Amino acid sequence: MGSSLISWSCKQQPIVAKSSTEAEYKAIANAAAELTWFKSILHELGLPSQYSPILWCDNIGATYLTSNPIFHARTKHIEIDFHFVRDQVCNKELMFQFISSKDQLADALTKPLPPLKFRQVQLNLNVRDLPSRLRGSVENQVMVTEMKDEDQKLDQPMNAAIEVPRDPNKQS
Amino acid sequence: MASNCHLTSTYGTPFIDISLYQSIVGSMQYLALTRPDLAFVVHKVSKFMHNPFDTHWLTVKHILRYLNHSVLTGLFIAKNVDFKLQAYSDSD
C-alpha cells in the first residue's frame with residue numbers, strides 16, 4: 001500500500017499446472033482474492049480508495065487471459081473459480097499490468113536470487129536497517145541505565161532513596 | 001541463498017539430529033512472518049522437515065549466518081498519504 005509492504009505470501013501451489021501461464025494465472029487469482037479482502041477491510045476502516053488496485057504480473061499470457069474472455073485450447077481446462085478475476089477486471093475493480101521480470105518485486109519470494117539482485121529487491125520491499133532499535137537491544141540500554149542509577153545511589157544515598165525505581169518495560 | 005543451490009530429498013546423507021533441524025526451522029517460520037526476505041528460503045528448507053539431509057542443514061546454517069549479520073534489518077512501514085493498493089504476483 002503506497003510504498004509500504006503490508007502482506008506477502010510464498011507457497012507451493014496445491015494443483016499441478018500444465019503451463020507457466022496457468023501457474024501465473026492461479027497465482028493472480030490468489031493475489032486478487034487477497035486484494036479483495038484488503039479493499040473490504042479498508043472500506044470498513046473508512047479509508048476507501050478511489051483508485052482500483054493494480055496487480056503487476058510478469059506473464060503476458062496470464063495478463064491477456066484476465067481481460068479477454070476467449071477460450072483457448074490450452075486454457076480450457078482451468079478451473080472456473082480461477083476466472084473470478086475476469087469479473088473483477090470487467091467491473092473495473094482491479095487492473096492488470098505487465099511488468100518485466102527484472103522489476104518484479106515478488107521474485108524474492110519465488111526463486112533464489114543472486115546477491116546484488118536480492119539487495120535491490122530487499123530495498124524495494126522496504127526491508128532495511130531500521131533506524132530505531134528493536135526490543136532485543138533495549139535490554140542492554142536498560143542494563144546501562146540501571147547501572148547508572150546504582151552509581152547515583154552510591155554517590156547520593158538520600159536522593160536515590162526518594163527516586164521511584166524505573167519500570168524497565170516503560171523505557172521501551 | 002545461492003541461485004544455483006538445488007535441494008533435493010532423494011539422495012544425500014541423512015542429518016543426525018532431526019529434532020534440532022525441526023526446532024530451528026520451526027522458529028524460522030515465525031521469523032518469516034515479519035521478514036519477507038526470509039519467506040522463500042524458510043519455505044524451501046521447511047519442505048525437508050520430515051527427513052533432513054546434511055545439505056539441507058548447510059543451507060539452514062547459511063540462513064543463520066545471514067540472520068546474524070542482519071539482526072537490525074526489518075520491514076520499514078512509512079507514513080503514507082495515498083492508499084493506493086498494488087500487488088505483485090509471480091510463480092516459478
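Hi everyone, let's start with the fold of chain B, which reads α-α-α-β-β along the sequence. That gives chain B three helices and two strands. Please keep in mind that this is a predicted model.

A word on overall dimensions. The C-alpha trace of chain B spans about 55 × 30 × 20 Å along its principal axes. Its radius of gyration is 16 Å, while a compact globule of 92 residues would have one near 12 Å.

Now to the helix packing inside chain B. Helix α1(B), residues 18-31, packs on α2(B) with the axes 10 Å apart and an angle of about 150°. Angles over 145 degrees count as roughly antiparallel, so that is how α1(B) runs relative to α2(B). The crossing of these two helices is left-handed. Who makes the contact? From α1(B) we have Val25(B), Met28(B), Gln29(B) and Leu31(B), and from α2(B) come Leu38(B), Val42(B), Val45(B) and Ser46(B). By class, those contact residues are six nonpolar and two polar, with no charged ones.

Chain A has a helix pair to set beside that. Here α1(A), residues 20-44, and α2(A), residues 60-67, have axes that come within 8 Å and cross at roughly 55°. The two helices are therefore oblique to each other, and their crossing is right-handed. On the α1(A) side, the contact uses Thr21(A), Glu24(A), Tyr25(A) and Ile28(A); on the α2(A) side, it uses Gly61(A), Ala62(A), Leu65(A) and Thr66(A). This set splits into four nonpolar, three polar and one charged.

So how do the chains meet? The contact draws 44 residues from chain A and 29 residues from chain B. On the chain B side, α2 (36-46), β1 (73-75) and β2 (86-89) each supply at least two residues. Which element gives the largest share of that side? It's α2(B), with five residues.

Strand β3(A), residues 127-129, pairs with β1(B) in the antiparallel sense, over three bridges. If you want to find the spot on screen, look for Val127(A), which stands opposite Leu75(B) in β1(B).

Terms used: Residues are numbered from 1 along each chain as its sequence is written. Chains are lettered from A and ligands numbered from 1 in the order in which they are written. This is a predicted model: local features need pLDDT of at least 70, side-chain atom pairs count only at pLDDT 80 or more; totals for chains, interfaces and linings use all residues. Two residues are in contact if their C-beta atoms, placed from the backbone, lie within 7 Å. Helices (H or I, at least four residues) and strands (E, at least two) are DSSP runs, numbered from the N terminus. Two strands pair if DSSP finds at least two bridges between them. Axes are lines fitted to C-alpha atoms, for helices over the stretch in contact, and angles run from 0 to 180 degrees between N-to-C directions. Angles under 35 degrees count as roughly parallel, over 145 as roughly antiparallel, 65 to 115 as roughly perpendicular and the rest as oblique. A crossing is left-handed if the near helix is turned anticlockwise from the far one by less than a right angle, and right-handed if clockwise. Ala, Val, Leu, Ile, Met, Phe, Trp, Tyr, Cys and Pro count as nonpolar, Asp, Glu, Lys and Arg as charged, and the others, Gly among them, as polar. The radius of gyration is taken over C-alpha atoms; the globule rule is 2.2 Å times the number of residues to the power 0.38.
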